[in-house]
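Let's take a walk through a protein together, one piece at a time. Keep the picture open while you read, and look up each part as we get to it.

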Amino acid sequence: MLMKTPSQSLTEQLSGRFAQRIRDRLLAPGARLPSVRQCAQQQGVSPSTVVAAYDQLLAQGLVEARKNRGFFVRDQAPPEPAKPPAGDPAGSPTPPWATATGFMGARPAAPIDATALIRGMFHRIGPKPQPGMGVLPREWLESTFMGAAVRKVTGTRALNDFSLQYGEPMGDSGLRRALAKKLATLNVHAGPDNIITTVGATHALDVVSRTLLRPGDPVMVEEPGWAVEFARLTALGMRLLPVPRRADGPDLDVMARYCEVHRPKLYVSVSVFHNPTGYCLSPGSAHRVLQLANRHDFHIVEDDTYSHIAPEHATRLCALDGLQRTIHVSGFAKILAPNWRVGFLAAHPDLIGRLLDTKLLATLTTPALLERALALCMEQGQLRRHAERIRTRLDAARSRSVKLALAAGCRFAAEPAGLFGWVDTGVDTDALAQRMLDEGYLLAPGALFHAERRPSTLMRINFATTQDAAFWRRYSELVRTM
């Protein structure tokens, strides 16, 4: 509810709230603002205050009025680039996949909507726990051993070594040895020379994409799936081929049809604790996916970001394939130190040279100091013990969150597992997300997890940040009014 203050009128507060959400992309271009009557009821103000606030947004060019339909967020499009000279290759016609009406209908809106969750990671919208977040709470990650490891590897002589020269192109050799041992516990056998460190797992995915793909190439992605990955691939100009994700793995019939018709170059998969469903790949599905890859000549990049909280015996494509057609990607942001930005990839020797070239063109090397410190944490068993504590804490949090969600009337669309829950609310979660934002809660509506945005009653919850009974009480109250 808005409260009048000496410095700001209710109209200014309301227009400022909407303006900030539009600029932060929490309201996407084309999104419809609540009707004047709805907004007045939600905010506890008069209809005339809402009309005046919407007029201010119109004057700022943030929204547009459509006759008999209401107010809609305008597309804040960047200025058009200068027209290239005649004969310039850049002046060639835009390919169909790059247009708004190209491949499989409208171009996905994920590059806009995904940024809301990313921005929420860096700029908290308030002090309350955030159910839509994709990471563990800060207090869960706090430790003393990381600081001790950094101090240990930064003596005067070592600090000069780190600071006065570039690190190893493939990454710190000590860390790569430690990673090879860690991968062996997952039955993924890769020597240090088959591992390249990166600036986080997202960078590793980007290195793979830029190495193996060219704009216009078809890429199979799991749906629902990671909104940021849809956004990243779309920004690179790839054609997304959404494959429905089921409890045992991808829809193999859909994959087979894509292979026959489109000849995809890559399949991006989260086999273990899939985001957002929590599903894990079954051995039978894994074998059939690998058969398709061999028959139709495409690579698979397996994002194992959640390996630290997953069972070691879980089925992984990289373990079954031996890195023949698969590339293993992971990192430490979800379990240890998000700001250290240490990730890695493991691949077949025939690909390592090309992948390394892509890394060098983008970053030259990666921060050796933090890589050396991480290697120390792994060698001394501190990371393993820390992960065990997190798993125990997460199991308890999941149990509590599931009980609260069920009591609030939610239905789980997938068996609760891992960090995330995939729940059916029974109402439009895009609209619910905006209502909950007024209450200081950032949600992750189901539409974000589709390659082509469409209304959904589903939402992803983070089990670590949904143990607050106050959130579920307010959630229930709002759902009853929708």
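Before we start, one term: two strands count as paired if DSSP finds at least two bridges between them. Keep in mind, too, that what you're looking at is a predicted model.

Now for the overview. The protein has 18 helices and 14 strands. Of its 482 residues, 53% are buried. Look at the contacts with a separation of 6 or more: residues 24 or more positions apart account for 73% of them. The protein exposes about 22300 Å², and carbon and sulfur atoms supply 53% of that area.

Four strands form an open, antiparallel sheet, in the order β11-β12-β14-β13. The edges belong to β11 (411-412) and β13 (444-445), and each has a single partner strand, so one side of each has no neighbour in the sheet. Now follow the bridges across. β11 and β12 run antiparallel and are joined by two bridges, with Arg411 finding its bridge partner in Asp424 of β12. Next, five bridges link β12 to β14, and here Trp422 stands opposite Arg460 of β14. Last, β13 is joined by two bridges to β14 (residues 458-462), where Pro445 stands opposite Met459.

What about the strand β12 itself, residues 420-424? Five of its five residues are buried, so β12 is largely enclosed by the rest of the structure. In a regular strand, the side chains alternate between the two faces of the sheet. You can follow that here: Phe420, Trp422 and Asp424 point one way from β12, while Gly421 and Val423 point the other way.

Another strand has both of its faces covered: β10, residues 343-346. Gly343 and Leu345 are buried on one side, and Phe344 and Ala346 are buried on the other. Which strands does β10 pair with? One is β3 (residues 195-198), antiparallel over four bridges, and there Thr198 has Gly343 as its bridge partner. Another is β9 (residues 326-331), also antiparallel and joined to β10 by four bridges, with Val329 partnered by Leu345.

On to the helices, starting with α3. Helix α3 covers residues 47-59, and its 13 residues reach 18 Å from the first C-alpha to the last, close to the 18 Å expected at 1.5 Å a residue. Which residues of α3 are buried? They are Thr49, Val50, Ala53, Tyr54 and Leu57. These cover an arc of only 130° around the axis, which puts them on the same side of α3. After α3 comes Gly61, with a positive phi near 75°.

Between α11 and β7 sits Arg263, a residue other than glycine whose phi is positive, near 50°. Asn68 isn't a glycine either, and it has a positive phi of about 65°. You'll find Asn68 in the loop between β1 and β2, exposed with a relative accessible area of 78%. One joins Glu223 and Pro224, with omega about 0°, and Pro224 lies in the loop between β4 and α10 (227-235). Another joins Asn275 and Pro276, with omega about 20°, and Pro276 lies in the loop between β7 and α12.

Technical notes
Residues numbered from 1 in each chain as written. Predicted model: local features only at pLDDT ≥ 70, side-chain atom pairs only at ≥ 80, totals over all residues. Heavy atoms only, no water. Buried < 20%, exposed > 50% of the residue type's maximum accessible area, 1.4 Å probe, protein only. Contact = heavy atoms within 4.5 Å. Areas by Shrake-Rupley, 256 points an atom, 1.4 Å probe, with all protein chains shown as cover. Expected span 1.5 Å × (residues − 1). Arc of directions from axis to C-beta.
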